[in-house]
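Please read the points alongside the coordinates.

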Amino acid sequence: MTRQDEATPGTFGEFGGRHVPEVMEEPLERLAEAYENVVRTPEFRAAFLDVLEAYAGRPTPLYHATGLSEAYGADVYLKREDLLHGGAHKINNAVGQALLAKKAGKTRLIAETGAGQHGTATAMVGALFDLDTEIYMGRKDADRQRMNVFRMRLMGAAVNEVTRGGAGLADAVDAALEDFAGNVDDTHYLVGSAVGPDPFPRMVREFQSVIGEEAREQIVEETGGLPDAAVACVGGGSNAIGLFHAFRDDDVAFYGGEGGGEGATSTRHAAPLSSGKSDVLHGMRTRVIDDDVEVHSVSAGLDYPGVGPEHAMFRAVGRCEYRAITDDEALDAFRTLSETEGIVPALESSHAVALAKRVADEHDTIVVNLSGRGDKDMEQAAELFDL
């Protein structure tokens with residue numbers, strides 16, 4: 001299997017890069033230097049892992065979901081990121097970037113959030129490391145994720161509800177980028193996914209790769225070998241790239257489940273890899289949805305018009321197969337996992353569970369990244385299910 005490395009730092013084949021206004025060039029270059037010179041040192045790595053263990057709850061288990069396996073006809077193992085403090089994988093990246101911000105002398109964190117899990121994780125580390133914290137969240141997402149808005153404010157973060165544009169995640173990213181451009185001296189923009197201008201995609205992958213590193217060791221210990229396939233949901237793509245990275249040189253098939261909404265052939269979805277084009281978005285060249293598509297997913301965390309540039313490269317070279325999972329498929333998986341295992345997944349993670357069902361007849365052993373738990377989605381789910 002051919003290894004796909006960045007030809008130059010910050011690029012992934014034709015994707016990635018740093019497509020930003022001149023005012024942002026210098027702070028991003030300083031951040032890239034800090035990533036290379038600080039984050040990759042043994043001392044930083046040890047401090048990062050110490051906080052993840054003592055505060056976040058790592059390592060997370062790899063759970064053989066026997067009930068789900070029986071229902072799907074393949075051995076399905078769940079990487080239980082839903083058990084982390086805060087309920088999702090987002091805390092991994094938040095801890096890493098907050099540590100880096102402290103070392104760089106920053107006093108303020110800002111972040112964008114969709115489903116509220118990244119905003120919650122940012123509020124957590126802001127409180128933990130005594131950093132002023134401000135979150136940008138689209139009004140549409142804030143309305144359907146009120147519990148997370150309350151949690152962020154409870155932990156001392158200011159939450160700004162963005163009303164412009166579609167009032168979704170993309171608009172929250174725009175607002176956060178504008179804040180960062182005007183406050184670069186004291187502010188660190190804690191990007192929540194493997195998106196944006198370099199060095200964010202590389203840096204987020206670094207902090208989320210702990211998922212795949214643990215999963216690789218655990219599946220070998222459990223089964224004596226590697227899985228046939230690794231499956232994750234893909235919005236921006238941080239939980240997926242975190243799982244995939246440890247297996248990228250192995251004979252393990254990769255599958256990414258996008259927010260298919262009403263279907264990738266409809267005009268309401270969030271599936272730029274399955275149905276989209278190459279373009280520049282939020283400081284990176286990547287895959288974006290077509291101009292005539294309304295960004296939509298039942299899961300707020302996948303409701304994004306683009307994707308991380310490394311995923312765009314994986315698609316281009318055929319390393320990962322990306323499929324659009326409809327809202328109905330995700331809701332069916334949400335209910336199936338709840339009923340077979342007593343585990344309520346986030347609606348984002350439900351897309352990965354649904355994709356595992358699709359590919360179960362092709363593979364004997366599948367590792368699914370259960371990136372978050374469904375507490376935040378209870379009110380929305382209660383309206384959709386007649387229980």
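How many cavities of 30 Å³ or more are there?

1. The count comes to 2 cavities of 30 Å³ or more. A cavity is a set of points, on a 1 Å grid over the protein atoms alone, where a 1.4 Å probe fits but cannot get out, and lining residues have an atom within 4 Å of a point. The model is predicted, with pLDDT of at least 70 needed for local features and 80 or more for side-chain atom pairs, while totals for chains, interfaces and linings use all residues. Residues are numbered from 1 along each chain as its sequence is written, and side-chain values use heavy atoms, without hydrogens and water.

2. The largest cavity has a volume of about 440 Å³, a volume being the space filled by probe spheres set on the points, joined across faces, edges and corners. Its lining holds 40 residues, of which Lys90, Leu169, Gly192, Ser193 and Gly301 are the closest to the centre.

3. Two or more residues of that lining come from each of β5 (108–113), α5 (117–128), α8 (169–182), α11 (238–244) and α14 (347–359). Among the elements, α8 gives the most, with 3 residues. Helices (H or I, at least four residues) and strands (E, at least two) are DSSP runs, numbered from the N terminus.

Methods
On a 1 Å grid over the protein atoms alone, a cavity is a set of points where a 1.4 Å probe fits but cannot get out, and a pocket is an open set with protein on both sides within 12 Å along at least five of seven lines; lining residues have an atom within 4 Å of a point.
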